[in-house]
Amino acid sequence: MGVKIQSHHSVAVMLNDQLGAKKRVTFVYTYRAWLLKLLLIWGFAGLIISGLIYNNMDADAKLRRKEVLVGMCDQRARMLQDQFRVSVNHVHALAILVSTFHYFKTPSAIDQETFAEYTARTSFERPLLSGVAYAERVVNAERDEFEKQHGWTIKTMDREPSPLRDEYAPVIFSQETVSYIESLDMMSGEEDRENILRARETGKAVLTNPFKLLGSHHLGVVLTFPVYKSKLLPRPTVEERIEATAGYLGGAFDVESLVENLLGQLAGNQAIVVNVYDITNASDPLVMYGHQHQDGDMSLVHMSNVDFGDPFRKHQMICRYHHKAPMSWLALICACFFFVIWSLGGYILYGAADHIVKVEDDFNKMQELKVRAEAADVAKSQFLATVSHEIRTPMNGILGMLALLLDTDLSSPQKDYARTAQDCGKALIKLINEVLDRAKIEAGKLELEAVPFNLRSILDDVLSLFSEESRHKGIELALFVSDKVPEIVVGDPGRFRQIITNLVGNSVKFTERGHILVQVHLAEHSKALMDSKTENSMNPGLHEFVALSGACQFNTLSGCEAADDRNSWDAFRHLVADERFCSDASNGMVTDEASGNVTLMVCVEDTGIGIPLHAQNRVFTPFMQVDSSTSRNYGGTGIGLSISKCLVELMGGQINFISRPQVGSTFSFSVTFGRCEKNGFINLKISHSDDLPTAFRGLKAVLVDGKPVRAAVTRYHLKRLGLICEIASSIKMAVAMCGNNGSLTPGFGSLPDMILIEKDSWISSGDEGGLNVRLLECKQNGYALKLPKLILLATNINADELNKAKAAGFADTIIMKPLRASMVAACLQQVLGVGKKRLHGKELNGSTFLRSLLCGKKILVVDDNMVNRRVAAGALKKFGADVECAESGKVALEKLHLPHAFDACFMDIQMPEMDGFEATRRIRLMESEANRRSNGGPTVGGIASKVEWHIPILAMTADVIHATCDECLKCGMDGYVSKPFDEENLYQAVAKFFEAKPFPDT
Amino acid sequence: MAYVGQLQRKFVEYTKSLYREGIVDKQFTQLHNLQDESNPDFAEEVVTLFFTDSQRLLNELTNALEQQDVDFNTVDAYVHQFKGSSSSVGAQRVKDLCISFRTLCEQQNKELCLRCLQQVKLEYASFKSKLESLFQLEKQIVEAGGTIPTID
């Protein structure tokens, strides 16, 4: 149990190791927790950048807007100023006109009419002025005279007679448009008065504050120019100017309509709001134009100074856009577009990273699952191996007990029960062994043996296993081994037998009629034939069919159609013919044997139910049967073929099959065996394993069989016994052969010793008894001294036919098929009465062989256990060995001190002080030293120095588990025998290491 | 001659009962098969050897287990020896007991070991007496001039 726990533990450790080793992750995977944050940061950055872009573009737009505003504002201001200037200049000119023609001319050249006409006609020059008028300076003293002269009184602005003042400025000339102000005293109006005073002081045009003009509701300013009576001195003082002042020319600017007009002429009028202010008093700007309340876009304002020519007054034009700056759609779209693209990019990156993480996750998961699955697989195999092993031990106990139980006195039902139980147990053991095999193969633990064995006898054994069943079913079971196949090959007989057993077992299981034929050929031989066959296949051998007696029959063993027609007579004949040729010139074979290996092609052909096409590709998968009904009808687990496949592959071959449903299957596999080099050894082995009597050598036989394949098979068996065999296709032919007494058949100098007749041929020939009569005739005619024995070959025979056969003269014997060389030999012995003694000797052959191996050998048995020692010694002595004992490793070392005379040593493993392993190691050390000395040093004793010291040491152990066995081999042992000894075990072990030794002739 | 036949039958019955009860196993058969004309008393010789050896081992075991501090390694070594020799002569039940004895040694359970030793002693005694009577029977057959039937 401890071992198991450990093994599971080791599996777990392995799993962890693998996990650790495989955990190689990408950068993305390491930082997968950051991915979402990174995405957010990315998005945020996108927002900021797109904001910046928007701002940048918007600032540009604003700048342009501002420039446009500034341009427009300045343009307006300049135009206004220019227009204004032009008007002012004209008024100036008017003033000069008045002074020139009114004052410097006497009498005055201007009167109201002239002035009115002139101004009216030149009003296009002063589009900004609603009208001009001239007011004369009148001091109070001159008022009366003035009123008299003009015929009206001076009135105030309110159109009342002016009160008394120092000075008056009544309008004397006026343009028609403003004729209503004639005779009004300009000095009476606040603004005008100030204006007049300032104008005569400066001598320049001056402007009033904006105010509501008389006669209109528009805002306006009044422009006043002084008119001097005399020419002024350069740089006149204020007093001089006042003194020289004669009157004032004034004009009213209707600023509102003025600006309105002006703006109307310009483009973009609608877009901007223009205000004009008088900012002489900076803290209280007066509106000259525009609405008092602030509307439009307050955010962007441009101020342009306007100089109307009056240095005292300051004016300003303020422009702003009517509407707020529209959203900068382009910037917005650009920003949005950028953001969208940026986000998409981010999302794609995120998606990719996410995908990477997911894939990596999946990958890791898969990796883990894979490792787990593999571990589970290993664990499963281990478990299977262990459990199967564990089950086998008690099962063997059960079977043993059942066998003992069957030996006791049981009533027949009890016996039946016990036998059933035993059968079941055997089936179970078989299954367990198969599972164990499979597990072993999977775990790579199966090792193949390499021992020489007789292929033919193995095949005979296998076929004999199934002979009962096949006979019962009425199937012909036949074996044919090519003569070119060597007698003895080196390989693993057990496994070879397992494969054959499996294939034949399957065939027997699935075949209800027809035949099963096992053929063994040399691979290169059959391959060459197949090639030539394919060439020939263009013109199928018609003659074959013609030659057949049966109407609808195929040229196979039983006449049933086989799946692989390569095995039909057509091919077979070539093989057989080839062999005949080769066996004649057997020298060729000898040279062939020089090469180390021989590859055999083994075919198992049946005429069973075949494998359905859909199931053909999973035939070799373990536990896969064709369908569930297969296991119901035929039993089995479906593991056999997979094991066979594994075994074949282990043996360096290939297995494949051809199958046709309802026709049959042909499984064929190739397998490579070693050739056996030593002739002496071959002889030895043959005498042991394939002990066929030689008493029949040279006897002649005639075989009557209509089917060539079957005849070839039968002949093969007879040939093994040394019989010379001739084939006749019918009884008539056979009789003819006998009757002619060798004159026509050169093979026979006399009558044959026996005639073997196939049951089919006998029945179909129709002349029952005729043969015998003919033969008797022959004898009577003196052709022959001894009648040939008649032997009937039959697969199955019923009582009726049996009687008939006896009546027809087959009293001698009936050989039931399947044929086996040994069985045929036994029958022939019975019939001919020869070779009995030889056969009797066969019984003891196993132990005699062992005896021959061990006889005279000096063997050391090392065991601390006195009883064990005695038993081992006794067992070995029984086979003629000369046994010496040692009770400990130390004593053994002393006894094996070189040089010694021992041929082998059996060594117990578990001993106190020095165990078997240690003792072996020391012995090997001793030997290698001695070897080195003798090889390296000068040759002292001639032959003796050439001897390689290596005593075969066999472990004796009670527990034959694999580990112990390995340990044995590792420390230099040659093999092991299980304790307590039994004959077979001992034989196997001894045969293995004595095989290299030359066998002493006894 | 009838007497011999009777003895032989008895012998066969007796051996069969030994197998049936699991007192001896296949190895005993092997042992028996090892004796032949040249070595007629081989089985008896070995079994006697086994008896002497076992007596010694059992004494050692008893001593070892009576100690205050039981050295289970020593005990295990003795039991291993005992197991080996009993399996060599085919004393199946003794051998089986030895196997469980060894697991008890591994567990170092003194009490159970003592109990197991007791059982081993009992089983051994039974084996000894049965085998002795078997050999007695053999001798009788030989004295009566018969041959010992082969055991299978």
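Strand 19 of chain A, residues 664-675, is largely enclosed by the rest of the structure, because 11 of its 12 residues are buried. The model is a predicted one.

Which strands pair with strand 19 of chain A? Start with strand 18 of chain A, residues 655-660, which pairs with strand 19 in the antiparallel sense over six bridges. Here Ile655(A) stands opposite Phe669(A) of strand 19. Strands 18 and 19 of chain A form a hairpin, with three residues between them. In the turn, Gln662(A) has a positive phi of about 70 degrees.

Strand 17 of chain A, residues 597-606, also runs antiparallel to strand 19, and nine bridges join the two. Thr599(A) faces Thr672(A) of strand 19 in this pairing. Strand 15 of chain A, residues 488-491, is joined to strand 19 by two bridges, again antiparallel. Val490(A) has Gly674(A) of strand 19 as its bridge partner.

Now turn to chain B. Helix 4 (residues 72-89) and helix 5 (residues 92-107) of chain B have axes that come within 9 Å and cross at roughly 160 degrees. Angles over 145 degrees count as roughly antiparallel, so helix 4 of chain B is roughly antiparallel to helix 5 of chain B. Their crossing is left-handed. Helix 4 of chain B contributes residues including Phe72(B), Val75(B), Val79(B) and Phe82(B) to the contact. Among those from helix 5 of chain B are Val94(B), Cys98(B), Ile99(B) and Phe101(B). Charged residues take part too, including Asp76(B) and Lys83(B) of helix 4 and Lys95(B) and Arg102(B) of helix 5. The contact residues divide into nine nonpolar, three polar and four charged.

Technical notes:
Residues numbered from 1 in each chain as written. Chains lettered and ligands numbered in written order. Predicted model: local features only at pLDDT ≥ 70, side-chain atom pairs only at ≥ 80, totals over all residues. Heavy atoms only, no water. Buried < 20%, exposed > 50% of the residue type's maximum accessible area, 1.4 Å probe, protein only. Helix = DSSP H or I, 4+ residues; strand = E, 2+ residues; numbered from the N terminus. Pairing = 2+ DSSP bridges. Axes fitted to C-alpha atoms, helices over the stretch in contact; angles between N-to-C directions. Parallel < 35°, antiparallel > 145°, perpendicular 65-115°, else oblique. Left-handed = near helix turned anticlockwise from the far one by under 90°. Contact = heavy atoms within 4.5 Å.
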